[in-house]
Amino acid sequence: MMRIVDGDVIVFQGDSITDAGRDRADEKELGSGYANMVAAWFAASCPEKKVTFYNRGISGNRAVDVSSRWKEDTLSLKPTIVSLLVGINDTWRRYKTNDPTSVEAYETHVRDILQKTQSSCDATILLLEPFVLPIPEDRKEWREDLDPKIHALRQLAVEFNTIYVPLDGIFASVCPQKPAAFWAEDGVHPSAAGHALIAQTWLQAMGITTEQ
């Protein structure tokens, strides 16, 4: 069943993976990543439907950053569908700048986002799982930090009855077909193929087939 209807307002939120180099001077510009691919594929598949897409991802954001700007950058747009991908910077900062985010803090900030959304509007919520691929070699150490955050996010998805897109598992499942670098050269930022995989999975979660 297709979950997108005529008149929907869809907001993509997150970090650099969502941001994807968007022009912030243009409020309708979607960047070059999965958000733009979702909108383009949907327009081609359902040209009769009038749906508005916004990208409000900001590179470098952690869950606390997204939570702090949620009202201004998300709820003010009166969304009917909210897509959130955040968490990899909560892990990355631990290893890059010795600035860790605990599992409890991550869970608290995402919970705050979900509570704000459900108390303010009747939007459908998609939680996209943060992911890391095993390239370069040191990314394998990140699993110790990221895996508990993924588990916490899955529990929140159940508690708040959201749609859940298990990107970490999906990327793991395609790495045997093509090396990890094919999907994300640094293990974090997707290639064009990686973004396409996210877009395809996103659309399928919303009941839209990408098969020809």
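**Notes on the predicted model**

1. The bridge partner of F12 in β3 is S83. Strand β1 and strand β3 (residues 81-85) pair in the parallel sense over five bridges; two strands pair if DSSP finds at least two bridges between them. Helices (H or I, at least four residues) and strands (E, at least two) are DSSP runs, numbered from the N terminus.

2. On the basis of the note: this is a predicted model, in which local features need pLDDT of at least 70, side-chain atom pairs count only at pLDDT 80 or more, and totals for chains, interfaces and linings use all residues. Residues are numbered from 1 along each chain as its sequence is written, and side-chain values use heavy atoms, with hydrogens and water left out.

3. The order of the open, five-stranded sheet is β2-β1-β3-β4-β5, with parallel pairing. Its edge strands, β2 (52-55) and β5 (163-165), each pair on one side only.

4. D8 belongs to the segment before β1 (9-14). D8 is buried (under 20% relative accessible area; exposed is over 50% and partly exposed in between, with a 1.4 Å probe and protein chains only), yet D8 has no salt bridge, and the nearest side chain of opposite charge, K49, is 9.0 Å away. Here Lys and Arg count as positive and Asp and Glu as negative, while His and the chain ends are not counted. The D8 side chain does reach the backbone nitrogen of V5, at 2.8 Å.

5. Where does K49 find its salt bridge? K49 forms one with E48, the closest N and O atoms being 3.4 Å apart; the term denotes a side-chain nitrogen of Lys or Arg within 4 Å of a carboxyl oxygen of Asp or Glu. K49 is partly exposed at 25% relative accessible area, whereas E48 is exposed at 54%.

6. By this rule the count comes to 15 salt bridges. In one of them, the side chains of R24 and D19 meet at 2.5 Å, N to O. R24 is partly exposed at 48%, and D19 is buried at 5%.

7. D147 and R143 also form a salt bridge, with the closest N and O atoms 2.7 Å apart. Because they are four residues apart in helix α7, D147 and R143 are separated by about one helical turn. Salt bridges that share partners join R94, E144, D145 and K149 into one network.

8. In helix α5 (residues 88-96) the buried residues are I88, N89, D90, T91 and W92. Just after α5, N98 takes a positive phi of about 55°.

Definitions and conventions:
A polar contact is a pair of N or O atoms within 3.5 Å; within protein, one must be able to donate a hydrogen and the other to accept it, and residues adjacent in sequence count only if both atoms are side-chain atoms.
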